[in-house]
Amino acid sequence: MKGTYEQPGQATGGKEESKRFSTVSDLEIKSLYTPEDIKDSDYEADIGHPGSYPFTRGCQPDMYRGRLWTFRMFSGFGSAEDTNKRYHKLLDEGETGLSVAFDFPTLMGYDSDSPRAHAEIGKCGVAIDTLFDYGVLFNKIPLDKVTTSQTINPPASITWAMHLALADKQGVPWDKIGGTIQNDMLKEFVAQKTFMLPLEPSIKIVSDTIEFGTQYVPRWNTVSISGYHIREAGSTAVQELAFTLADGIAYVQDVIERKKMDVDAFAPRLSFFFDSHIDFFEEIAKVRAARRIWARVMKERFKARDPRSWWMRFHSQTAGCSLTAQQPLNNIVRVAVQALAMTLGGTQSLHTDSFDETLALPSDQAVTVALRTQQIIADETGIINTIDPLAGSYFVEALTNEMEEKALEYIEKIDKMGGMLAAIEQGFPQMEISEAAYNYQKQVDRGDKVLVGVNKYISEEETPIETLKIDEKLEEKQIKCVQEVRRTRDNRTVARTLNELRQACKDDKNVMPYVIEAVRAYATEQEICDVYREVYGEYRDPGFY
Amino acid sequence: MEHQTKLRVLVAKPGLDGHDRGVKIIARAFRDTGYEVIYTGVHQTPEQIVSAAIQEDVDLIGLSCLSGAHLFLFNEVVRQLIEQDAGDIIVIGGGIIPEEDITRLKGAGIKEIFLPGTSLDEILKWVEENVKPLSQRGGSK
C-alpha cells in the first residue's frame, strides 16, 4: 500500500518542507491524511458507536437529540445580591445551569474582614463569608430546578455544605439537587495555584466529599477533574489531557485505598472539565481521546464493571488565555470557533467566555453575546442533528490516536515516578507546563504563532470598550455584613461545632457532617478553614519555574 | 549586555491570585538573559515581598497581579520599600491593569507597567535601558 497515498510535499518535490506546520500546541501536522493513517484502527474496539465502549464518539447513544449540552455561564462578582441579579438575568435569557465564581478571599479561605482580603473583595467573583451570603446568592432560585456548579477548591467542602444547608432551608431533599463542586486539588498544585493545605490532607478531604456525596447526595458531581487550568497555565493539549487523566487516576486510587469503596459505587459521579483552545481539530481530537483513555483506564486498570463508570462526562470552557486585550471584539469569533469545537467533540456542558474578559469581569452585554453564541450553535447551525459528525475523518481519527499515544506516554512516566502525587512533589508537571508556556511565548514573540491584533494586523488606534467596575464601597459593606452575622449568631454553638470539626479532623473522620453543622450555625468560611489549617498545616508554593 | 555585576531581580506575586503563567515566563526570560532571579511563588503579602527584596539585595522587583487588587498591592510594596529606606529598588509591574490605573500606579512610584501582549524583548530592553545594579548607580541613596 505504501506510496499509494502520496503526501503533497513528496509530490511537489518537498517544497513545503521549509515551513513547519503545527498546532497551537506545537504538534506537527501533515498536509494530508489518508486511509493509511488509520489503517490500524478498529471501529468496534477503538471508536465504537456513541454510547458504547470505549465512548470515543460520545457517552450517550442519542447525544444532543436526547439532551442538549447545558448552557452554563461561570458568573459571579461583587456582592451576593449583585450576583443573584446576574443569575436571574442569565436564566431569563435561556441559561440552563448556574456556575458560581467566587472572589479570591473566598477561594483561599479568608473572610472579607481578614487583612489578606483587602482590595480583593468581590473583584474576581462573589464574596461569600457565611450561609447568610449564600442564601442571598440563591434568592428565589429553587435548588431542585437548576443545577449549580461551584468553581472552588480548598474550601469546596464548606461551600458545598452551604448548598446542602440551603437546600434544607428551601425544603428540597438532597437527592433532588444536582450540581458540581470543582474540588480538584491536584490541578491546583499543578496549575491554578489556589491551594491551602498540603497535598495529603487536600486529597483526603476530596475523598471525604466523594464518599459523602455517594452516600447522601447521589446526583452531585463531587469532583470536576480539570484540565482547564492546566491548559490556561500554558500546557500543550497533550499535557492537558495527560495530567488531567493522571489526576483522575490518583483520585480513584485514593478513594479505593482510603475509603475501601467499590469503584462502581463512586466512579459514575466523577466528572471532567476541559479547555477549548483555538486549534479546532486538536481540541476535538483531545476530547475524543480523553473519553477513550478514561473508558479503558476504568475498565482495564480499575476493573470497573458498570458502564457508567467508564463514561467521561465533561464540562468545557473556551480558552481565556487565547483571548486578546487588543481589539477585544475579535474574541467573539475566537469563542465561537472554540465553542463549536466542544459541541462537535460532545461536551455535556459549556461556558463561553465573554469578549471583554481579558480586561475585566464580563459586562451584561458581553455575557449575553457569549450565551447567544452557544444558542446560535445549538439552534441555527444544525450541528446537533448528527452525533460525532467528524468520526471517520482520516485526520480527526489519526489525530485522536496521536493524542492518546502521547498522553499515555506521559501517564506511564508519571506511574513510574510513583503516581501523580509523587510527580507533583517533584515538580514534574509544573516544570513541563512552564517549559511549554515559555516556548509558546517565544513563538508568539518571533511571529511563528500568530495572535491577530497582537503580533499581526495590529491597529494603531483602538476604541475603548465599556467594562464592568466593581463598586469600591462593596468591601466596607461586606465587612459589615460578616461582622453582623458574627454578632447575631449563637457563638456557643459555633464554638462547639468548630471544636467537633477539629476533633473529627484529628480522628481522621469524614469532615463533611461536621462542616455542615458548623455552616448551619453560621460559622464563617475562614473559621472553618482555620480549623483545617491548624490541624493540617499550610502548603507553601515551592515556586517551580 | 555584559554587566560587571549581574542584575539581581525579585519576581513576585502579591495577593491571593494564583495566575502565575506570566510571572514565571518573565522569571525564565530574566534568567536566560543572565540576571540572578529570585521567584517568590504565589500568595505573597507586600511585607513578605519587601523583606525578601531587602534580604536578597535586589536591584529590581517585578510584580504581577491579575486579580484587580494591583492598586493596593503594588503601591503598598513601594510604600513599604520607601519606609524601609529601600526606595532605590526599582519596581515594575504587569497583569490585567486598566489604562486609567497606570497613571495612579506610576504616580505612586511604580516605574513601568507592562500589559498583556507585550513581547519579552520589549520588557528586557526596558530593563536593560532603565535598571543598573544598585552598586553601579551614581548619586546618593
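Asp508(A) counts as exposed, because its relative accessibility is 54% and the cut-off for exposed is over 50%. The model is predicted. Asp508(A) sits in the loop between helix H21 (491–506) and helix H22 (512–520) of chain A. Its phi is positive, near 60 degrees, in a residue other than glycine.

**Backbone features in loops**

- Tyr457(A) also has a positive phi, of about 55 degrees, although it is not a glycine.
- The loop between H19 and helix H20 (474–488) of chain A holds Tyr457(A).
- Is Tyr457(A) buried or exposed? Tyr457(A) is exposed, because its relative accessible area is 55% and exposed means over 50%.
- A cis peptide bond runs from Tyr53(A) to Pro54(A), with omega near 0 degrees.
- Pro54(A) lies in the loop between helix H2 (43–47) and helix H3 (63–66) of chain A.

**A buried serine**

- Ser157(A) belongs to helix H7 (residues 156–170) of chain A.
- Ser157(A) counts as buried because its relative accessibility is 1%, and buried means under 20%.
- Which residues does Ser157(A) touch, not counting residues up to four places away in sequence? The contacts are Ile205(A), Thr209(A), Met512(A), Val515(A) and Tyr532(A).
- One of these contacts, Tyr532(A), is itself buried.

**Aromatic pairs**

- Over all chains, a search of the whole structure finds 27 aromatic pairs.
- Among them, Tyr532(A) and Tyr536(A) form a tilted pair. Their centres are 6.2 Å apart, and the planes make an angle of 45 degrees.
- A pair of aromatic rings is described by the distance of the centres and the angle of the planes.
- Why are Tyr532(A) and Tyr536(A) separated by about one helical turn? They are four residues apart in helix H23 (residues 525–536) of chain A, so about one helical turn separates them.
- Both Tyr532(A) and Tyr536(A) are buried.
- Ring pairs also link a cluster in chain A: Trp160(A), Trp174(A), Phe212(A), Tyr216(A) and Trp220(A).

**Interface of chain A and chain B: extent**

- How many residues of chain A are in contact with chain B? The contact involves 40 residues of chain A and 35 residues of chain B.
- The size of an interface is often given as the accessible area lost when the parts come together.
- Between chain A and chain B, the buried area is about 3000 Å². Carbon and sulfur atoms give 56% of that area.
- Arg116(A), Tyr438(A) and Tyr545(A) supply 27% of the area that chain A buries against chain B.

- Three salt bridges are counted between chain A and chain B.
- In a salt bridge, the side chain of Glu435(A) meets that of Arg28(B) at 2.9 Å, N to O.
- Between chain A and chain B, 14 residue pairs are in polar contact, with both residues at pLDDT 80 or more.
- Helix H5 (104–108), helix H8 (185–192), helix H10 (228–232) and helix H19 (428–446) of chain A each supply at least two residues to the side that touches chain B.
- Which helix gives the most to that side of chain A? H19(A) gives the most, with ten residues.
- By class, the side of chain A that touches chain B has 19 nonpolar, ten polar and eleven charged residues.

Technical notes. Residues are numbered from 1 along each chain as its sequence is written. Chains are lettered from A and ligands numbered from 1 in the order in which they are written. This is a predicted model: local features need pLDDT of at least 70, side-chain atom pairs count only at pLDDT 80 or more; totals for chains, interfaces and linings use all residues. Side-chain values use heavy atoms; hydrogens and water are left out. Contact means heavy atoms within 4.5 Å. Buried area is the accessible area (1.4 Å probe) that two parts lose on being put together, summed over both. A salt bridge is a side-chain nitrogen of Lys or Arg within 4 Å of a carboxyl oxygen of Asp or Glu. A polar contact is a pair of N or O atoms within 3.5 Å; within protein, one must be able to donate a hydrogen and the other to accept it, and residues adjacent in sequence count only if both atoms are side-chain atoms. Ala, Val, Leu, Ile, Met, Phe, Trp, Tyr, Cys and Pro count as nonpolar, Asp, Glu, Lys and Arg as charged, and the others, Gly among them, as polar. Rings of Phe, Tyr and Trp (its six-membered ring) pair if their centres lie within 6.5 Å; planes under 30 degrees apart count as stacked, over 60 as edge-to-face and the rest as tilted. Buried means under 20% relative accessible area, exposed over 50%, partly exposed in between (1.4 Å probe, protein chains only).
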